[in-house]
Amino acid sequence: MAKFLLWLILLVICWPLALLALVLYPLVWLLMLPFRLLGIAVEGVFQLLRAVILLPARVLSGPGRV
């Protein structure tokens with residue numbers, strides 16, 4: 001909602017720039033998509049490494065603790 005309100009303010013102040021932003025937003029989103037997917041994959045690898053490193057501590061702590 002805030003992005004839409006900012007876009008409306010930009011539309012009132014400078015409508016050519018607002019229309020350019022409206023056209024370029026999907027293109028920028030498509031260009032950023034591979035970086036988002038890479039970030040998800042890297043975060044998954046870090047979570048896996050964390051789980052492997054902390055596994056001995058979880059096993060030794062017993063069944064009562066999480």
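The axes of helix 1 (residues 2-13) and helix 2 (residues 15-61) approach within 5 Å and cross at roughly 140° in this predicted model. Axes are lines fitted to C-alpha atoms, for helices over the stretch in contact, and angles run from 0 to 180 degrees between N-to-C directions. Helix 1 and helix 2 are therefore oblique to each other. Angles under 35 degrees count as roughly parallel, over 145 as roughly antiparallel, 65 to 115 as roughly perpendicular, and the rest as oblique. Helix 1 contributes Lys3, Trp7, Leu10, Leu11 and Ile13 to the contact (heavy atoms within 4.5 Å). Helix 2 contributes Trp15, Leu17, Ala18, Leu22 and Tyr25. Of these contact residues, nine are nonpolar, one is charged and none is polar. Ala, Val, Leu, Ile, Met, Phe, Trp, Tyr, Cys and Pro count as nonpolar; Asp, Glu, Lys and Arg count as charged; the others, Gly among them, count as polar.

The protein chain holds two helices and zero strands. Both are DSSP runs numbered from the N terminus (helices: H or I, at least four residues; strands: E, at least two). Residues are numbered from 1 along each chain as its sequence is written. Local features need pLDDT of at least 70, side-chain atom pairs count only at pLDDT 80 or more, totals for chains, interfaces and linings use all residues, and side-chain values use heavy atoms, with hydrogens and water left out.

The radius of gyration of the protein chain, taken over C-alpha atoms, is 23 Å. A compact globule of 66 residues would have a value near 11 Å, by the rule of 2.2 Å times the number of residues to the power 0.38. Along the principal axes, the C-alpha atoms fill a box of roughly 65 × 25 × 10 Å. Of the 66 residues, 2% count as buried. Buried means under 20% relative accessible area, exposed over 50%, and partly exposed in between (1.4 Å probe, protein chains only). The protein chain exposes about 6,200 Å², with 81% supplied by carbon and sulfur atoms.

Individual residues of helix 2 were then examined. Ile53 lies in helix 2. Ile53 is exposed, at a relative accessible area of 62%. Its C-alpha atom is 36 Å from that of Leu30, 23 residues away in sequence. Val28 is also found in helix 2. Val28 is partly exposed, at 47% relative accessible area. The C-alpha atoms of Val28 and Val12 are separated by 23 Å, across 16 residues of chain. Leu49 has its place in helix 2. Leu49 is partly exposed, at 45%. A C-alpha separation of 45 Å divides Leu49 from Ala18, 31 residues apart along the chain.

Terms used. Accessible areas come from the Shrake-Rupley method with a 1.4 Å probe; for residues, only the protein chains shown count as cover.
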